[in-house]
There are 2 protein chains.
Amino acid sequence: MRAVVYNGRNDVSVTDVPEPEVGEGEVKLRVGYNGICGSDLHEYFAGPIFIPQGDAHPLTGRKLPLTLGHEFAGTVTEVGPGVADVAEGDRVAVMPLYTCGRCERCTSGRPNVCTQIGFHGLMSDGGMAESTVVPVHMLHKLPEQVSLEMGALVEPMAVAYHAAALGQVAPGGSAAVFGAGPIGIGLWFALRGMGVDDVWVIEPSATRRAAIEKLGATTLDPTAVDVPAAIADATGGRRADAAYDAAGVAPAVQTALASIGAAKPMVSVAIYETPLETPLINLVMNESRIQGSLCYTHEDYRAVIDLMSRGHYDTTGWVEKIAMGDVVAEGFEALHAGQKMKVLVDPTA
Amino acid sequence: MRAVVYNGRNDVSVTDVPEPEVGEGEVKLRVGYNGICGSDLHEYFAGPIFIPQGDAHPLTGRKLPLTLGHEFAGTVTEVGPGVADVAEGDRVAVMPLYTCGRCERCTSGRPNVCTQIGFHGLMSDGGMAESTVVPVHMLHKLPEQVSLEMGALVEPMAVAYHAAALGQVAPGGSAAVFGAGPIGIGLWFALRGMGVDDVWVIEPSATRRAAIEKLGATTLDPTAVDVPAAIADATGGRRADAAYDAAGVAPAVQTALASIGAAKPMVSVAIYETPLETPLINLVMNESRIQGSLCYTHEDYRAVIDLMSRGHYDTTGWVEKIAMGDVVAEGFEALHAGQKMKVLVDPTA
């Protein structure tokens, strides 16, 4: 079968690989769509970062070369021994986490920060392929109304949903989202789905503002507007109940911290390549906080799929599909150049 | 009477001022001792910062020149009209906050972050004087076992206690305190008072380490020890249940964030003069957080006074008393030069 294989930095090949075989407790999927994640770009242009190179990963026993892809949905084509409640033909999204199940983090209900965490598609052969094999515990069945295209978006939307929930905004409350990339869009959908009334999306790019405005969002251009003052005005001086940094740059962090109310959080859901100049005095003067957010849990997957089943998410204007053979030029390169926002790879094309 | 009057930067005089008069709902105190706070040093060497210069403070109607001093305890010498439950001769510590009582922060139980907050001794005539007059709501009676010297330390110890509580460490847990100045010492006492078993105090100064070790603390020298590794070792890999930054410098923040476990806080209880290079990626990878802490509430005062009444706090080796006439040379200058840690001004000497 054909797959997108990562050999190292700037070295990805679309090539023939052996069909994966199903073991005990596993299922084989025919992949519908597989999204390209920001972390895939990091691996391609600056990696290997998460992909094991020297020692194999302790939970998967694998290192490069590997098939990429951890944002995918597909159809079950084979069921391994010992698997119940899953049948050939089931359509599923995959929560691609390998966790040890034994560390203090796993046993206290935080598998998303497992000390040995691994990802299907970074520490094992992933979903940018005609087929992939996953442990059954990774599966989430998709209701009829949720397409495989939408199903491939559950993973990034769950990243955003998990972060949105950490902001603890009550229904009817307010939030400021910094950055209108795929995670910023996911935050907007998640917060609206949680009943948060007033959400401002702060984004300097006119193209990105236009895209999220078409989905229904209210935006602010931080190059033209005093964002903390605008939010203070709109909230009668209370400021936002939460801010979200999905931009990962110092101006966003600084503006976010000036936009939240007393005892409120700024949730960080970005990959910060370097330490940022952070005005911690804002946290002290308002007893506010910065809260990190990583990945998701099964609960977040269930919540996102439930919202999708009710038609809450809309891919118009920000999601594009490409053929697997075009993954480098139309995927990695186009995303890196900012020409596209979210790309789903079709392994059949 | 004599008082320490702040006229502006580098301009403090010990001079005669009129005796303050008691109004409705107020009491007059003969001051026992008044501590010099880090913020007093900031006002002296770099101010006016908090002390109003142009417009008078909205709650007190005052601006400079003002009598300094917001860390004090004294004896009631006169009771104004409408004051119940307080009598001449009562010994009291003072919680020196003026709050509006009307803003969303005050009405939601967070007067310590009132939008108009003022301090007795920064926005009104304070406790570095033979006498001072305060509203009755500021008073906390001192039990017989608590001296006026100890009572003057309630304010800074309440700053530390409030921060310690925000760390949410369970009894038997662990904590890392960065900085062994008066607030670091207060954090150590507060955490031990809350039943936290393992507290490491991280401090580069050998003098400060020696001082807090004499009180019973376990210290780490960050210039000689890999602090995150040492704490990971001591906690079986879980790392600390909370870290506290009472140093306010980037190396402390960076080491603190590497020393806490998943979903745990670093509490900031420092005045950061500039934004610091902060590795937010640590927060993301561990879903940990930075939590700001400001001032205290009446609850913190009650908790500290209760611990003091049981002999929990010890001033040996870090608290010195000076005569009011020596406040500049033996107080501000000596503290600024790092020759002393905590100075209590005796207005009678």
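Two strands pair if DSSP finds at least two bridges between them. Helices (H or I, at least four residues) and strands (E, at least two) are DSSP runs, numbered from the N terminus. This is a predicted model, in which local features need pLDDT of at least 70 and side-chain atom pairs count only at pLDDT 80 or more, while totals for chains, interfaces and linings use all residues. Residues are numbered from 1 along each chain as its sequence is written, chains are lettered from A and ligands numbered from 1 in the order in which they are written, and side-chain values use heavy atoms, with hydrogens and water left out. Chain A and chain B bury about 3300 Å² between them.

**Sheet in chain B**

- An open sheet of chain B is formed by three strands in the order β2-β1-β4, with antiparallel pairing.
- Its edge strands, each pairing on one side only, are β2 (11-16) and β4 (66-67) of chain B.
- Two bridges connect β1 (residues 2-8) of chain B with β4(B) in the antiparallel sense.
- Tyr6(B) has Leu66(B) in β4(B) as its bridge partner.
- Strands of a sheet pair through backbone hydrogen bonds, either parallel or antiparallel.

**Cis peptide bonds in chain B**

- The peptide bond from Gly47(B) to Pro48(B) is cis, and its omega is near 0 degrees.
- Pro48(B) belongs to the loop between α1 (38-46) and β4 of chain B.
- Leu64(B) and Pro65(B) are joined by a cis peptide bond with omega of about 0 degrees.
- Pro65(B) is placed in the loop between α1 and β4 of chain B.

**Helix α10 of chain A and its flanks**

- Helix α10 (residues 298-309) of chain A has 12 residues and should span 16 Å at 1.5 Å a residue, which agrees with the 16 Å between its end C-alpha atoms; the expected span is 1.5 Å times one less than the number of residues.
- Buried residues (under 20% relative accessible area; exposed is over 50% and partly exposed in between, with a 1.4 Å probe and protein chains only) of α10(A) include Asp300(A), Tyr301(A), Ala303(A) and Val304(A).
- Also buried in α10(A) are Ile305(A), Leu307(A), Met308(A) and Ser309(A).
- The buried residues of α10(A) pack, by contact (heavy atoms within 4.5 Å), against β6 (91-94), β10 (139-141), α3 (148-151), α4 (154-166) and α5 (182-193) of chain A.
- In the loop between β17 (289-292) and α10 of chain A lies Cys295(A), which is not a glycine but has a positive phi of about 55 degrees.
- Cys295(A) counts as buried because its relative accessibility is 10%.

**Other residues of chain A**

- Asp85(A), in the loop between β5 (71-79) and β6 of chain A, is a residue other than glycine with a positive phi, near 65 degrees.
- Asp85(A) counts as exposed because its relative accessibility is 70%.
- Asp221(A) sits in the loop between β13 (218-220) and α7 (227-234) of chain A and is buried, at a relative accessible area of 17%.
- A polar contact (a pair of N or O atoms within 3.5 Å; within protein, one must be able to donate a hydrogen and the other to accept it, and residues adjacent in sequence count only if both atoms are side-chain atoms) links the side chains of Asp221(A) and Thr223(A) at 2.7 Å.
- Neighbours within four places in sequence aside, Asp221(A) is in contact with Glu203(A), Pro204(A) and Arg209(A).
- Ala334(A), in helix α11 (residues 327-336) of chain A, counts as buried at 4% relative accessibility.
- Not counting residues up to four places away in sequence, Ala334(A) touches Ala329(A), Gln339(A) and Lys340(A).

**Aromatic pairs**

- Rings of Phe, Tyr and Trp (its six-membered ring) pair if their centres lie within 6.5 Å; planes under 30 degrees apart count as stacked, over 60 as edge-to-face and the rest as tilted.
- Over all chains, the count is 10 aromatic pairs.
- Tyr44(A) and Phe45(A) make an edge-to-face pair, 4.8 Å centre to centre with 90 degrees between the planes.
- Tyr44(A) is buried, at a relative accessible area of 7%.
- Tyr44(B) and Phe45(B) form an edge-to-face pair, with 4.8 Å centre to centre and 90 degrees between the planes.
- Ring pairs join Tyr44(A), Phe45(A) and Phe332(A) in a cluster.

**Interface of chains A and B**

- The contact takes 37 residues from chain A and 37 residues from chain B.
- Of the buried area (the accessible area, with a 1.4 Å probe, that two parts lose on being put together, summed over both), 58% is on carbon and sulfur atoms.
- In chain A, Leu280(A), Val284(A) and Glu287(A) lose the most area to chain B, together 20% of what that side buries.
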